[in-house]
Amino acid sequence: MLTLLTSMYLVVRAVSKEAEPIRVLVTGAAGQIAYSLLYSIAKGDVFGKDQPIILILLDIPPMLPVLDGVVMELQDCALPLLREVIPTDKVEVGFKDLDAAILVGSMPRKEGMERKDLLKANVAIFKTQGAALDKYAKKTVKVLVVGNPANTNCLIASKSAPSIPKENFSCLTRLDHNRACSQVAMRCSVSADNVKNVIIWGNHSSTQYPDVHHAKVNLHGSEVAAYEAVKDDNWLRGDFISTVQQRGAAVIKARKLSSAMSAAKAICDHMRDIWFGTKEGEFLSMGVYAAGNSYGIPDDLIYSFPVQIKNKTWKIVDGLPINDFSRAKMDATASELVEERDTALDFLSQ
């Protein structure tokens, strides 16, 4: 009898055994996006409600006192999944044994700064961070680049981490995707979860192309093509596109600060979908490595495509029909990315 009870106890213990904590890095951790992001990660909204987390917060030395305040607040939240918070300005601490890296920190564009100067400053940052990932992180680490110019920063980080698969790197265009879904939803007087399969093509910049030719809207329980649901082709080919393209600038103009709450939500959406996959028949927008795509986009770019995700692995949704209107816009944003890449690679080789 005692042996049976002991066996049952061991089985119960084995079943209830807590998962190992995962190590999640956020860079630029004293900034406003991170401030909106960290609570959601630590609470379990991203990696699961039963997944313990060790949060590593990396920032530059002048920001360490601010980071101490962020650590205090995370401690004061008394979150059951948060095992440890590690503030640091050292890459060897920040990038050690990572399961996930969310690279928020970058050099922001300052008044009077040329785009090439911005690229040069960010190449230095993301070359260092890529090399640190290569040296210290797990080879399975999933890397999300948020800091702008996000696509090209992501490419530089990937090139600087040759031992980590290129498929492990992605950049954030989910904020643009969410913006596009919301615009269509408001136009149709439905909630945003009734809009699916919007696509953001290309660069996370004002050349990006928000495309709803393949999108569906759930109207009164029936799925309807977005163009049919909206019933305003001029808006969909005009103000809708420019609103999504210029939304970041509009937020800055109104708020005097860049998007933080919506950016943090998009980061959570992006990482959660990497961890848990996309729904059957649905696709999302992510900046991913362009090699071997069916849309004629040049190789060796990080370009936003429609993707589906399974087992933490993304796959570009191939074979969608592309009309002439879309083709021109997809090519225009690709041209900008080629120019950015070539400029950045010149700096990388110096």
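Predicted model: local features only at pLDDT ≥ 70, side-chain atom pairs only at ≥ 80, totals over all residues.
Reader: Where is Arg-109 found?

Author: Arg-109 is in the loop between strand S4 (100–103) and helix H5 (115–136). Helices (H or I, at least four residues) and strands (E, at least two) are DSSP runs, numbered from the N terminus. Arg-109 counts as partly exposed, because its relative accessibility is 49%; buried means under 20% relative accessible area, exposed over 50%, and partly exposed in between (1.4 Å probe, protein chains only).

Reader: Which residues does the UniProt annotation "binding site" cover?

Author: In the unreviewed entry, that annotation covers Arg-109, Arg-115, Asn-148 and Arg-179. They are spread over 71 residues of sequence and also in space, up to 24.9 Å between C-alpha atoms. UniProt positions are given in the numbering used here, feature names are shortened, and annotations may be inferred rather than shown by experiment.

Reader: And what surrounds Asn-148?

Author: Asn-148 touches Ser-106, Met-107, Asn-122, Asn-153 and His-204, not counting residues up to four places away in sequence. Asn-148 lies in the loop between strand S5 (142–145) and helix H6 (150–159), and its 36% relative accessibility makes it partly exposed.

Reader: Changing topic, how many residues has the largest nonpolar core?

Author: The largest nonpolar core has 82 residues, and Leu-55 and Phe-305 are among those with the most contacts inside it. Such a core is a set of buried Ala, Val, Leu, Ile, Met, Phe, Trp, Tyr and Cys residues joined through side-chain atoms within 4.5 Å. Helix H11 (residues 261–276) gives this core its largest share, eight residues. Another core, of 32 residues, lies apart from it and includes Leu-98 and Leu-348.

Reader: Finally, what is the order of the open sheet of three strands?

Author: The order is S7-S10-S11, with antiparallel pairing; two strands pair if DSSP finds at least two bridges between them. Strands S7 (195–196) and S11 (222–225) are at the edges with a single partner strand each, so one side of each has no neighbour in the sheet. Val-195 stands opposite Val-217 in S10.

How values were computed: Residues numbered from 1 in each chain as written. Heavy atoms only, no water. Contact = heavy atoms within 4.5 Å.
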